[in-house]
Amino acid sequence: MAAIPYEPAIDGLRAVAVLAVCVYHLNPTWLPGGFVGVDVFFVISGFLITRIITAEVDNGTFSLAAFYRRRVARIAPALILVAWATLLGACLLYAPQDQA
């Protein structure tokens, strides 16, 4: 994978986007447009992924299969953890007849 320089400002912008969404969920009247943080977060993610792909294409090392392997390796652990935690929580919170 081609190395791209780390930019702390991007992490700061991501944090602001996440905080905006959290504040919006706490009380929408506090920050009525807080839901836009989701869009900002996705735009930043797309920017970063595009930078990685273009750097690899420029170096002649881009592979779609390798790209998706890295995405799965990064996302799958959190996905599996959240899915299992949700399943466990549902089993503990819902009555047996509601679990069907």
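A disulfide is a pair of cysteine sulfur atoms within 2.5 Å. The structure is a predicted model, in which local features need pLDDT of at least 70 and side-chain atom pairs count only at pLDDT 80 or more, while totals for chains, interfaces and linings use all residues. Residues are numbered from 1 along each chain as its sequence is written, and side-chain values use heavy atoms, with hydrogens and water left out.

**Exercise 1. Cysteines**

Determine how many disulfides the model holds, and state the exposure of C22.

Solution. Step one: under the sulfur rule, the count is 0 disulfides. Step two: exposure is read from relative accessible area, where buried means under 20%, exposed over 50%, and partly exposed in between (1.4 Å probe, protein chains only). With a value of 41%, C22 is partly exposed. C91, at 43%, is partly exposed as well.

**Exercise 2. Helix α3**

Describe the span, bend and burial of helix α3.

Solution. Step one: helices are DSSP runs (H or I, at least four residues), numbered from the N terminus. Helix α3 covers residues 64-93, 30 residues in number. Step two: the expected span of a helix is 1.5 Å times one less than its number of residues. From first C-alpha to last, α3 reaches 42 Å, close to the expected 44 Å. Step three: a bend is the angle between axes fitted to the seven residues ending at a residue and the seven starting there. At I75, α3 bends by about 35°, and the proline P77 follows within four residues. Step four: the number of buried residues is 3 of the 30 in α3, so this helix lies largely in the open. Those buried residues are A66, F67 and R71, and their cover includes α2 (36-59). A65, also in α3, is partly exposed at 45%.

**Exercise 3. Helix α2 and its partner α3**

Solution. Step three: axes are lines fitted to C-alpha atoms, for helices over the stretch in contact, with angles from 0 to 180 degrees between N-to-C directions. The axes of α2 and α3 come within 12 Å and cross at roughly 145°. Contact means heavy atoms within 4.5 Å. On the α2 side the contact is made by I49, I52, I53 and E56, and on the α3 side by F67, R70 and R71. Step four: G60, which follows α2, has a positive phi, near 75°.

Conventions. Helices (H or I, at least four residues) and strands (E, at least two) are DSSP runs, numbered from the N terminus.
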